[in-house]
Amino acid sequence: MGLTSAMFTGVSGLLANADAINVIGNNLSNVNTVGYKDSRTLFSDMLSLNVGNNSQIGTGVKVQKIDNLFSAGSYESSTNVTDVAVQGDGFFVLASPNATTATASTAYYTRAGSFRLDSTGFGLVNPDGYKVVDTAGNAIVFSQTATDAAGNTLQFQKVSAIDSTGTLSLLYADANGNTATLPYAGAGVAPTPASTAVKMAEAKIPNPQGMLKQGGTLFTLTAASGTPTTPATGVFASANGTSEKLLSNDLEYSNVDMATEFVNMITTQRAYSANSKTITTADQMTQEVLNLKQ
């Protein structure tokens, strides 16, 4: 060990705290992002060197893990029926824009429920075009037509309601003033009053912190996250309406707490300054050694 090692120890602190300030900055930049989950930086010390007499000197610090924190964000009401929030620990399940189905391993998971109809007017998607998936694993596509109790063929108008278990009620009507509110019966399936409702999927991940961020407030599974339990029927589970609820006309916003982030920013900045002092002090000590020659 020597003064050069002390400099590199300081450098490790600069690099680790630079990563930490990046994480804090990303949290603050997403303070208004729907469904965003904040992150924190965990540090760990680097390998220590034995210096004899059962003593060790550390060689610096490194970033051990960037954790995603899945505490609930604030809920705000909206006037859009297809704005949906999860009350509980579950996630919405989405399929990629080019897919019509999803499995647990190919699906994307999110808490951002700002859904809307796609360009065809019959598919339910997020703002980036990722398709909302039902419990059968199919991208939700509403049938253009439906049949009411009197046998009239009606045209799809809009999503009129989404209940706490993810059942979608659809409004159909014709030019003669006949209307019917019918359940979503599956991708492209024309509903009737006797149809069995197919619900919006909601998945509980065994270890959410093991999921991988994909941008757009989307996550994918990893070996560390585990796989959601497959229900007795279908591919994905739905909210049970009690401990897990879907709230229509609501959105879950970011869980970033600005006060906490600013405190973290101050402590990280101070740690960065302290590590720079380690380097400048080691440099001054090196200069003292060089001055011995004069």
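1. Ground rules. This is a predicted model: local features need pLDDT of at least 70, side-chain atom pairs count only at pLDDT 80 or more, and totals for chains, interfaces and linings use all residues. Residues are numbered from 1 along each chain as its sequence is written, and side-chain values use heavy atoms, with hydrogens and water left out.

2. Helix 2. This helix covers residues 258-291, 34 residues in all. Helices (H or I, at least four residues) and strands (E, at least two) are DSSP runs, numbered from the N terminus. From first C-alpha to last, helix 2 reaches 49 Å, close to the 50 Å expected at 1.5 Å a residue. That expected span is 1.5 Å times one less than the number of residues.

3. Its buried side. Glu261, Thr268, Asn275 and Ala282 are the buried residues of helix 2. Buried means under 20% relative accessible area, exposed over 50%, partly exposed in between (1.4 Å probe, protein chains only). These buried residues pack against helix 1 (3-29). Contact means heavy atoms within 4.5 Å.

4. Thr217. This residue sits in the loop between strand 17 (212-215) and strand 18 (218-220). Its phi is positive, about 55 degrees, although Thr217 is not a glycine. Most residues other than glycine have a negative phi. Thr217 counts as buried, at 18% relative accessibility.

5. Asn249. Here too phi is positive, near 65 degrees, in a residue other than glycine. Asn249 lies in the loop between strand 19 (245-248) and strand 20 (250-252). At 27% relative accessibility, Asn249 counts as partly exposed.

6. The record. UniProt, in an unreviewed entry, lists residues 9-37 as "domain: Flagellar basal body rod protein N-terminal". Such annotations may be inferred rather than shown by experiment. In the model, residues 9-37 are 72% helix and 0% strand, with end C-alpha atoms 32 Å apart.
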